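Hi,

Here is the structure I promised to pass on. Have a look at it first, and then read my notes below.

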Amino acid sequence: MLGLSLATVAIMTRHLGTEGYGYYRTIIAVMTLSMIIADAGLGSIFVREFSSRADDQGRLLSSAVALRIALAFPILLIGAAVCDTILDREASTLILLLAVIGYLSYSIHTLLFTVFQQRLRQRGAIVAEILGGTLLLATVVLLTFMAADFIWFVVALGASYVVTLAMTILSLKELIRFEWQVNGHEM
């Protein structure tokens with residue numbers, strides 16, 4: 001995974017240059033800070049409750065994901081608005097909304113990773129992260145050949161997070177039976 005990250009950053013910095021990579025890292029920093037604020041301790045509470053209540057883990061998982069979405073989505077939107085103000089460019093708003101979806105996906109993935117850790121079976125989550133990292137590297141290479149602007153690299157990162165979450169959910173189905181629910185209603 002470290003090798004994928006190193007290759008991705010090396011290609012991006014070379015292609016984007018100081019200014020473009022600076023904008024890219026600014027967006028990533030603001031969105032990451034937003035994700036950390038949005039956590040609001042939910043990750044720690046979920047770990048404690050999930051580990052102590054083996055009989056109710058499926059319901060706890062679906063409730064925690066619903067709560068994560070409810071907390072993170074508005075805060076990530078605020079982060080995207082801050083980034084949009086910093087960029088002050090046309091057409092960046094829609095692209096930053098795609099970044100919100102990506103960061104929301106990664107936020108959910110980090111919550112779900114707890115299940116793999118608790119079961120001491122992390123292979124599924126690690127494979128998901130490697131697949132997401134590989135997709136990001138491939139997309140960065142493609143964007144470099146297309147001479148893309150830095151904002152598209154933000155979209156690529158978000159897309160890799162969505163793929164990581166999708167693969168995590170698929171792997172999670174092997175470990176725990178759960179239904180997506182909000183207030184006891186199946187989704």
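What follows is a short tour, from the whole chain down to single residues.

A word on the ground rules before the details. This is a predicted model, so local features need pLDDT of at least 70 and side-chain atom pairs count only at pLDDT 80 or more, while totals for chains, interfaces and linings use all residues. Residues are numbered from 1 along each chain as its sequence is written, and side-chain values use heavy atoms, with hydrogens and water left out.

The whole chain

There are six helices and two strands in the chain; these are DSSP runs numbered from the N terminus, helices being H or I with at least four residues and strands being E with at least two. Read from the N terminus, the order is α-α-α-α-α-α-β-β. The chain has a radius of gyration of 17 Å, close to the 16 Å that the globule rule gives for 187 residues, so it is as compact as a globular protein of that length. (That radius is taken over C-alpha atoms, and the rule is 2.2 Å times the number of residues to the power 0.38.) Along its principal axes, the C-alpha trace spans about 55 × 30 × 25 Å.

Of the 187 residues, 42% count as buried. Here buried means under 20% relative accessible area, exposed means over 50%, and partly exposed is in between, with a 1.4 Å probe and protein chains only. As for contacts (heavy atoms within 4.5 Å), take those between residues at least 6 apart in sequence: 78% of them join residues at least 24 apart.

Helix 1 covers residues 2-39 and holds both Tyr-21 and Tyr-24, which are three residues apart and so separated by about one helical turn. How many aromatic pairs does the structure hold? The count is four. Rings of Phe, Tyr and Trp (its six-membered ring) pair if their centres lie within 6.5 Å; planes under 30 degrees apart count as stacked, over 60 as edge-to-face and the rest as tilted. Tyr-21 and Tyr-24 have ring centres 5.7 Å apart and planes at 25°, so this pair is stacked. Both tyrosines are buried, Tyr-21 at 17% relative accessibility and Tyr-24 at 4%. Elsewhere, ring pairs tie Tyr-103, Tyr-106 and Tyr-161 into a cluster.

Thr-8 also sits in helix 1, and it is buried, at 4% relative accessible area. Beyond its neighbours within four places in sequence, Thr-8 is in contact with Leu-136, Leu-137 and Val-140. Ala-138 is partly exposed, at 44%.

Further along

Helix 4 (residues 92-118) has 27 residues and reaches 40 Å from its first C-alpha to its last, close to the 39 Å expected at 1.5 Å a residue; the expected span is 1.5 Å times one less than the number of residues. After helix 4 comes Leu-120, with a positive phi near 55°.

Is Thr-164 buried or exposed? Thr-164, part of helix 6 (residues 150-172), is buried at 3% relative accessibility. Not counting residues up to four places away in sequence, Thr-164 touches His-109, Ala-128, Glu-129 and Gly-132.

Finally, Arg-48 in helix 2 (residues 42-52) is exposed, at 51% relative accessibility.

Happy browsing!
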